[in-house]
Structures are given as structure tokens and as C-alpha cells.
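The following note is meant to be read beside the sequence and the structure. Please consult both while going through the numbered points.

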Amino acid sequence: MGGTRQFPLERVDGFRWRIPRESRPGMRVDGLVYADDLLIRDIQADQALEQVANVAHLPGILGLSLAMPDIHWGYGFPVGGVAAVDPDEGVISPGGIGFDCNCGVRVIAADLSEEELRPRLDRLMDALARAVPTGVGSHGRLRLGPGDLERVLTGGMRWAVEAGYGRPEDLERAEEGGCMAGADPACVSQRARERGRDQLGTLGSGNHFIEVGVVRRVYDPELAGAFGLREGQVTVMIHSGSRGLGHQVATDYVRLADAEARRLGIDLPDRQLACAPVRSRVGQDYLAALAAASNFAWANRQCMTHWVRETFARVFGVSDRDLGLDLVYDHAHNIAKWEHVYVGGRQRRALVHRKGACRAFPAGHQQLPPRFRPYGQPVFVPGDMGRASYVMVGTQRALEETFGSICHGAGRRLSRSAAKRQIRGADLRRSLAQRGIAVRGAGDAALAEEAPDAYKDVTQVVDVVERAGLARRVARLEPLGVLKG
Amino acid sequence: MTAGAPDRDAGYEILEHTADVGLEAYGPTPAEALRQAALGMAALVVPPDQVRPARRWQVHVSAPDPDLLLFNLLDELLYLHHVEGMLVHDVTVEAEAPGGPGGSGGAPGPGRWSARAVARGETLDPRRHRPGTEIKAVTLHGIALRPEGGRWVGRVVFDL
């Protein structure tokens with residue numbers, strides 16, 4: 001494996017690298033990778049560039065096969081990959097979204113300062129660990145009645161708010177209003193339902209987390225104010241997705257798309273790129289199932305938000321409204337959606353695949369709700385548990401160049417086993433505690449896998465995105481407590 | 001082609017992958033390579049020696065090609081793990097190539113590969129088992145089950 005050192009890369013400028021379509025027979029468009037001289041070295045260390053080139057083989061792909069600076073080796077698409085396809089000629093690839101349909105991030109802002117939180121931080125983290133089920137095979141606190149799962153799959157966040165898990169105003173602070181249109185529960189298999197049935201309101205494992213943090217720095221006070229953020233304020237970030245239900249939906253449709261691609265003789269360099277024409281029955285069913293799984297994910301993050309609010313209220317002995325705890329925004333980073341994108345300077349409708357990448361619509365975008373249209377939507381770029389995370393806002397240039405997309409995080413550097421070899425979980429827990437970061441949930445081995453050193457430095461990633469002109473920094477969040485899945 | 005006891009000609013190893021994890025399994029027959037892959041996947045969750053052989057699960061899968069047979073078998077076992085909490089102590093696998101001797105019931109269709117596996121193990125008990133990794137899914141990335149240098153090799157990447 002490996003052998004990507006010699007992969008043909010042409011430098012476009014300080015932050016852009018082109019993979020010419022001539023470098024592989026079958027590539028339909030160029031690849032474009034966003035990175036600086038340092039990050040490109042990490043990127044070249046695994047097979048991520050090969051995967052950028054592979055994505056360029058998809059029938060109907062428009063413009064470029066894109067890779068964000070947090071790109072790393074995935075399966076099919078790289079993690080950090082973005083591709084748009086034509087509605088008529090294009091294909092949809094379930095592996096181009098990832099197995100965790102609508103894995104995403106949200107941030108909640110509290111009317112609390114770090115000083116007010118500190119004395120109760122340990123109590124709060126213990127209480128959060130009790131309130132939100134985490135880890136492998138965790139079961140949710142919700143017992144869905146007959147018909148409830150259908151309503152979750154079609155209603156998403158709306159179902160959760162109507163069922164009492166949230167505030168009506170939460171709905172206008174989520175991508176798609178937390179409810180993707182076109183969801184059809186009939187396209188979600190019995191197996192997917194079985195896997196999801198008792199997992200609504202669970203965090204999951206791996207890199208999922210709930211992080212209590214503080215707004216350490218504001219770069220753009222006007223935008224931060226518009227998003228409801230100010231320096232010194234306590235925040236909560238939730239990273240989770242559609243749990244077993246979404247994983248099974250993805251598996252079911254990878255298998256169907258594989259059969260469809262073979263039937264149609266679509267030649268692909270990686271079987272995980274399995275795809276079906278957007279207009280085909282398989283393509284349409286997958287879009288309806290993806291929307292349903294995405295709604296499950298939005299309901300999932302919403303239920304956990306409700307328990308976070310309840311927990312803060314209990315620990316501080318006041319109502320959750322008294323503590324603010326307003327939703328700032330919620331967005332996906334594994335999804336495919338119909339959007340109006342720029343290709344060759346002209347706007348057209350396309351199906352945008354984002355796998356480990358975020359939508360970053362700028363100010364004035366017609367698909368943003370009135371609340372965000374004057375400013376653009378917030379984009380959350382979580383880093384590792386020891387450093388920082390950023391709130392950003394996309395630019396017109398991103399809309400024109402990357403289908404309105406930016407990075408989704410720091411991106412892994414080390415494999416999980418390499419992280420476990422190099423880092424002892426117990427040592428890491430101690431060193432984080434010494435720096436005032438309380439960790440709950442994960443065992444030592446799982447903690448080592450998610451250690452800061454296993455990730456690239458998110459500041460470096462965000463720096464590339466900003467200097468390439470795709471987005472601007474709005475605020476920097478730093479962790480105080482982490483509940484790991 | 002029934003898998004025998006593990007020996008030096010059969011086994012599995014975990015492959016490095018930046019975000020996820022890969023597995024290479026091998027054996028003298030397709031069945032043994034499949035069996036080793038199933039054991040390797042099980043070991044990522046809970047080491048088989050920490051699992052009691054208290055219960056049996058049977059699965060039967062078929063596929064148009066051997067690569068997809070590996071995918072389908074592991075996906076079926078993963079489903080049982082997620083929905084029934086199945087943990088694996090040991091597995092036996094029988095596999096048939098197209099045109100091979102037909103089994104009774106569920107005989108392979110024309111041109112299809114098939115495998116039958118019996119897993120012995122127990123249901124996950126959070127008091128005794130600490131699952132190490134949540135495997136979200138089996139991927140088709142680089143999936144392979146094929147003869148190489150006189151033995152059968154299976155390769156697979158899991159989404160974690």
C-alpha cells in the first residue's frame with residue numbers, strides 16, 4: 001500500500017494543488033486539494049490523493065473533485081472530499097457521504113462565564129455522563145411507541161421539538177431547519193430500523209463527543225454577536241450522527257449501488273465508490289432513505305441537547321432558559337443535497353456530496369433563513385480535545401470555487417493503532433486534567449485513539465481555509481470538559 | 001471446504017488505516033480465509049478468549065463473486081452483533097463456489113458463491129465485556145477474497 005509519494009501534483013498557489021485529469025485514465029475532471037506545504041506532506045503520507053483522483057471518475061461529476069485541508073484516507077471518497085454531480089447525467093454514491101448519514105455538529109451558547117462554571121465543572125461533567133448514553137452499544141433513554149420512528153424519520157428535529165425535546169426557535173437554527181424534505185421511511189429497511197430503534201438520543205463512540213468549552217477569542221465581534229456568541233462565554237458542542245440506523249441505511253444502499261453500477265457497466269477504480277444514476281430507482285430510493293436517516297440524526301442531536309439543557313439547569317439550580325443555552329446552529333458534515341452551485345462561473349442545480357466537509361453558505365445566499373441571510377451561516381470546525389475549535393463563516397469565493405463547502409475538523413494524522421502505541425490513555429487523562437480539561441466517558445484505550453497528537457493541528461487547517469479565501473474565522477472555542485463516546 | 005483448526009497457514013492481521021481499520025485474513029481455502037476474517041472482526045470488538053461459548057448463531061449468505069461473499073458474511077455477523085449483542089468465541093465456515101456440490105436447502109443459485117457460518121459465543125454483558133471498538137460498517141474499499149500464492153486471502157476495511 002502507500003506509494004502516493006509520486007502522485008502527480010501541480011502547485012496552483014500557496015494553498016491549492018491540482019491533480020490533473022490526465023494523471024489517470026478515466027478521470028473526468030481535475031482534482032483540487034487545499035493545503036499548505038506542511039499539510040500536503042501529511043496528506044501525501046496515505047492514500048487520500050489517490051482517492052481524490054478516484055472520485056473524479058464518477059459519471060456526471062461537475063467542475064472538480066475537491067479535497068479540504070483536513071482530508072485523510074477514507075474508503076471510496078477521502079474524508080474531507082466534496083463532489084457535485086449533474087442531476088441528469090450524474091450518479092449518487094452512498095460511499096461519498098459516509099456510513100454515518102448526517103454526522104454533524106451543533107453548538108449551544110450559555111449565559112455563563114468560565115469563572116461561574118469552574119466550581120461546578122466536575123459535577124456538571126459527571127451529570128452529563130449520566131444524562132447522555134455514550135459508548136459502544138449504548139441504549140437510549142427514549143422508548144419509541146408505534147409509529148414514532150416513522151415520525152422521527154420524516155420530522156427530524158421538528159418531531160423532537162413537538163415531542164417536548166427542545167424549543168421552537170431551535171428549528172430556525174439548523175441546516176434545512178433540522179428536517180430534510182423528501183424523506184421516505186419506506187426506503188429504510190427493517191434492519192436499519194432495528195439497529196436504530198433504541199439508539200435515538202445516544203452519542204455513539206469513536207470520535208463523537210459532547211464538549212463543554214469557552215469562547216476564548218472573538219475575531220469578528222459583529223458576526224459573533226449575530227450568532228449569539230461573546231468572549232468568555234461557556235458553550236457546548238455536540239458531535240454525533242444517525243447511529244446504527246444511518247450505518248445500516250448506508251450499508252444497504254452501498255450494496256444496491258454496487259449491483260446497479262455493475263449492471264450498468266460503470267467502471268470504478270474502487271468498489272466502495274459504488275454508485276447509481278441519480279435518476280434511477282436505486283438513486284431515488286437512496287436519496288429518500290438518506291433524508292430519513294439525516295432526520296434521525298437531527299432528532300438525535302436535538303434529544304441530547306434537551307438533556308444537556310436539563311443537566312445544566314439541575315447543576316445550577318435555575319431554569320434552562322435562565323442559563324440561555326440557545327442553539328447557535330446545527331449542520332451536517334456527511335450528506336448529499338440538492339443545491340445551486342457555480343460550475344465554470346455559472347450557477348446550476350447539482351447534487352453535492354460532502355463527506356467530512358461542511359456547507360458554508362455566505363451572506364446573501366437565497367437558501368439561508370432570514371436570521372442568517374445578512375451574515376452567512378455559522379460553520380463549526382472542531383479540533384481535538386486538547387486544543388481548540390473554530391466558528392467560521394463561508395465566503396462568496398467558497399460558493400464559486402468549492403460548491404460552498406469548507407473543512408469539517410482537524411483531520412486524523414495517526415491511525416488508531418499508531419495512536420494507541422504512542423500515547424497512554426491514563427497519561428493523557430492526567431495531562432488534560434492538569435490543564436483544566438475534565439474528561440469523562442471513554443476508557444483509556446479509546447481516549448488514546450482520540451488523543452490530540454492523533455490529529456492535525458486544527459489551527460493550521462483553518463488557517464489554510466482562511467488564507468485560501470474560502471472562509472473567515474469568527475471565534476475560537478477552547479475545551480473545559482469533554483464527554484467522549 | 002470446511003475450516004479446520006487454525007494453524008500456521010491460517011490467520012489474520014490488522015492493517016493500518018488512518019481513520020478506520022483494515023484486516024487481512026488468510027487460509028488454505030476460501031472457507032478458512034472467511035473464518036479468519038470473521039475472527040479478526042470479532043477480535044476488534046471483544047477478544048474471543050473473553051467470550052464464553054454459550055450460544056450459537058447461524059448465518060447463510062450468498063453473492064455473485066467471492067469479494068462480495070466476504071462483505072456479505074461480515075455484514076451479517078456485524079448486524080447480529082449490533083442488534084442481538086452477539087460476541088464471538090469461535091466460528092466455523094463452509095463455503096461453496098459456483099457449480100460446487102449443492103448443499104441441502106438454501107443451495108447456491110447458478111453462478112453464486114455461498115457461505116454458511118455457525119458462530120459460538122454469548123450476548124454482550126456490559127458487566128463483563130468492555131467492547132473496544134464500535135465497527136459501524138463493513139466497506140467495499142479494497143475488498144477482496146482471492147487466491148494468492150497458493151492460499152486464499154481476504155482483505156477488508158471497516159468503518160469505525
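1. Which pattern does chain B follow when read along the sequence? The pattern is β-β-α-β-α-β-β-β-β-β, with two helices and eight strands in chain B. Helices (H or I, at least four residues) and strands (E, at least two) are DSSP runs, numbered from the N terminus.

2. This is a predicted model, in which local features need pLDDT of at least 70, side-chain atom pairs count only at pLDDT 80 or more, and totals for chains, interfaces and linings use all residues. Residues are numbered from 1 along each chain as its sequence is written, chains are lettered from A and ligands numbered from 1 in the order in which they are written, and side-chain values use heavy atoms, with hydrogens and water left out.

3. Of the 160 residues of chain B, 57% count as buried (under 20% relative accessible area, 1.4 Å probe, protein chains only). Chain B exposes about 6,500 Å², and carbon and sulfur atoms supply 49% of this area (Shrake-Rupley method, 1.4 Å probe).

4. Among the contacts in chain B with a separation of 6 or more, 69% join residues 24 or more positions apart (contact: heavy atoms within 4.5 Å).

5. In chain A, seven strands form an open sheet with mixed pairing, in the order 1-2-3-4-5-13-12 (strands pair if DSSP finds at least two bridges between them). Its edge strands, each pairing on one side only, are strand 1 (10-13) and strand 12 (334-343) of chain A.

6. Within chain A, strand 2 (residues 16-19) pairs with strand 3 (residues 30-34) in the antiparallel sense, over four bridges. The bridge partner of A:Arg18 in strand 3 of chain A is A:Leu32.

Definitions and conventions. Buried means under 20% relative accessible area, exposed over 50%, partly exposed in between (1.4 Å probe, protein chains only).
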